[in-house]
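This report describes selected local features of one protein model. The sequence and structure are shown first, and the description follows.

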Amino acid sequence: MAHKKSKKHTFSEKRTPMYSGKHGIKHKNKPSEKLIRARAMGSISGVTFARPLDGGNDFYLDMPDCVAIDGDEILVRRTSQRGERPRAVLEKIENRALNQFVASLEFRPHGKRQEKRPFARPLNPRLPATIFIDGDLGDARSGDVLVLSVAKWPKNASPMTAKLECVLGSERDPSTLLLAAAHTYDLAMEFPNEVLDFAEHVSAKLKPVITTGRRDLRDRRVFTIDGRNAQDFDDAISLQKKGEQWELGVHIADVSHYVPANSPLDKEAFARGTSVYLPGLTLPMLPEALCNGICSLKPDEDRMAMTVLLRIDGDRVVSYKIFPSLIRSRARLTYEDVNALFAEKPNTVPKALVKTLLRMRELSFRLIEARKARESIELDTAESRIVQDETLEPVDIYAHKSGDAEKLIESFMLLANEAVASYARAKKLPFPYRVHEPSTPDDIANLNLQMDRFGYPPRADASTHALNGLLALAEGKSEEPLIKYAVMRALSRAHYSEQPLGHFALALTDYCHFTSPIRRYPDLLAHRLLKLSLLDELKDSVRDRYKKSMPEWTLEASRLEQTAAEAERRAVSMLSSLYLSRRTGEPFEGIVSRVTTHGARIILDNTIEGFLPVEQLEGNWIFLPEKMLLVSDYMNQKIRPGQRIRVVVAAAHPLSGEIEFKCPRGYILR
């Protein structure tokens, strides 16, 4: 997939320490002057800002000598307040954020003789625009995607230089794009041999017997429902009638049984934090022997599990029990098949499970209505689905919305997560809670400003009731997708915390992640702590050790989750751009999401987003900022957010993910 230069280069080098050094510059400080520790924030425009690590407003960063690049940890000294933003001068670069990066190779004329010299065009647009490449390039060609290491950091008197580590391939190759995304976000693609050996050793230890404290549930009608292409199955469900009530069983793979604390497996799982799902390429948190093997709840095989039994009356959980169990799944069902069953279409669902599934759907409907009644925010947005051939080439991209089967599993997992978090809080466990805090007044003020342009009344506060009211106003209108995205952006980011702060969007006091220990480290950690508590093995010394470490663990889990999400979005945008690069000149329909003086952002009906520059519009266009409109001198045509529009693909650049549209006269719709 990638051809190497000279030395072997693997993605398992992710734990190699980042470049770290002390880079003093010439400024002399008075002893009384306070230096501010900050992080350099690059921008696409080339301007660099300093964001204080202890909070506060960003500074415009002056760099007389050394140049800080995006992500560097720096020391700055405040100098003046000119214009809207205070200014600071760079005093020292404490730690560099990277020592390797991904770029495409270009040859440009340089110097007096205008001889062609190799340049790097970084995948990260916040890195310096001009980076020289020194040394042997082997047989690398213009347009190839490279992994480069920094040879010389930039100064104002000289540009940044880099040397070649390896060639990933052509930017027109989907495999190359996936490798580029993985490397850009420092994702490990290989497991150390020590970890693989440990995984093979523990996976051979399953003995289908009842151990102390483990209940035998192999006689229950338990089964899994996952996507058609899923490979690991970490959650299974069951449902039984108990008088006038229902007993819902949520059975989660007992990964902690095979991943001892502080073992090589545990340390590797913590370092990865989460599985990463790039289109056509999965980077698992655990080796295959566990994630697709002994931990996966495959049908007709005995498996260790952690079970939550919930007694439900109507739509209300009246009691629950949590315990280690031994289960045996009866079937591996898919969302596609179960949705077909619910729609009374041809399917392959076993007849023995049909009645149970219909009862589960009825229960799920009641649970959804209960969430609406407590004002949980339901943002049912379409997701981008990429269909690939055997070479990973994207052959189709479409918008996918959850069906009743997906909503059923979501409803049941929410109940289990809430029950486990409630137990942890009641027992005062040191625990990784999943928390979501209310939006800030500034977030709501910004949302109101956007909604005013659609003629929507302002939200008086940040309550879920107020935000649901806004979503209700937009329901069925052309701008509904934009309103949903605006509300989503106004919400704070959910994260992990050692404090039980509750979940704002779900309107829950107690919440955690418990149901996916194969792919998320906080879930694995939650299982470990639950078992210690249930078996009365959480002694004071152990409790204190977990309590002391939990803030650091939850902070790192949140960071790794965000990195994985960014990598997944980047890979999707790359493949989306590659898909459209093969369709230059083809028309597509979509909706205008944003209008600026330079043009309009367009979201196609298939979820792909691109830019329509004013230069690609026929006639003369004027931007009216107070109305957020582009207006044409031709028949007074307008382009505004929420408007339907037909565009043609003008250009697409797969490595950057950038897409440019054009709009011939007559293509502007209502």
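## Helix α1 and its ends

Just after α1, D186 adopts a positive phi of about 60°. The model is predicted, so local features need pLDDT of at least 70 and side-chain atom pairs count only at pLDDT 80 or more, while totals for chains, interfaces and linings use all residues. Residues are numbered from 1 along each chain as its sequence is written, and side-chain values use heavy atoms, with hydrogens and water left out. Helices (H or I, at least four residues) and strands (E, at least two) are DSSP runs, numbered from the N terminus.

Helix α1 spans residues 174-184 and is mostly covered, with 10 of its 11 residues buried; buried means under 20% relative accessible area (1.4 Å probe, protein chains only). Among the buried residues are P174, L177, L178, L179 and H183. The buried residues of α1 pack against several strands, including β8 (100-110), β11 (144-152) and β12 (160-170), and also against α12 (540-581); contact here means heavy atoms within 4.5 Å. At the start of the helix, a side-chain oxygen of D173 comes to within 2.9 Å of the backbone nitrogen of S175.

## Strand pairing around β20

Strands pair if DSSP finds at least two bridges between them. Strand β20 (residues 316-328) pairs in the parallel sense with strand β13 (residues 215-216) over two bridges, and R215 stands opposite S325.

Strand β19 (residues 302-313) runs antiparallel to β20 and is joined to it by 12 bridges. D313 is placed opposite R316. Two residues lie between the strands of this hairpin, in which G314 takes a positive phi near 70°.

## The open sheet β29-β30-β31

Three strands form an open sheet in the order β29-β30-β31, with antiparallel pairing. The edge strands, each pairing on one side only, are β29 (621-624) and β31 (638-639). Four bridges link β29 to β30 (residues 629-632), and I622 stands opposite V631.

## The second largest pocket

The second largest pocket has a volume of about 390 Å³. Of its 17 lining residues, A382, A399, P481, Y485 and D605 are the closest to its centre. A pocket is an open set of points on a 1 Å grid over the protein atoms alone, where a 1.4 Å probe fits, with protein on both sides within 12 Å along at least five of seven lines; lining residues have an atom within 4 Å of a point. The volume is the space filled by probe spheres set on the points, which are joined across faces, edges and corners.

Helix α10 gives the most to this lining, with four residues.

Definitions and conventions: Buried < 20%, exposed > 50% of the residue type's maximum accessible area, 1.4 Å probe, protein only. Polar contact = N/O pair within 3.5 Å; in protein donor to acceptor, adjacent residues only side chain to side chain.
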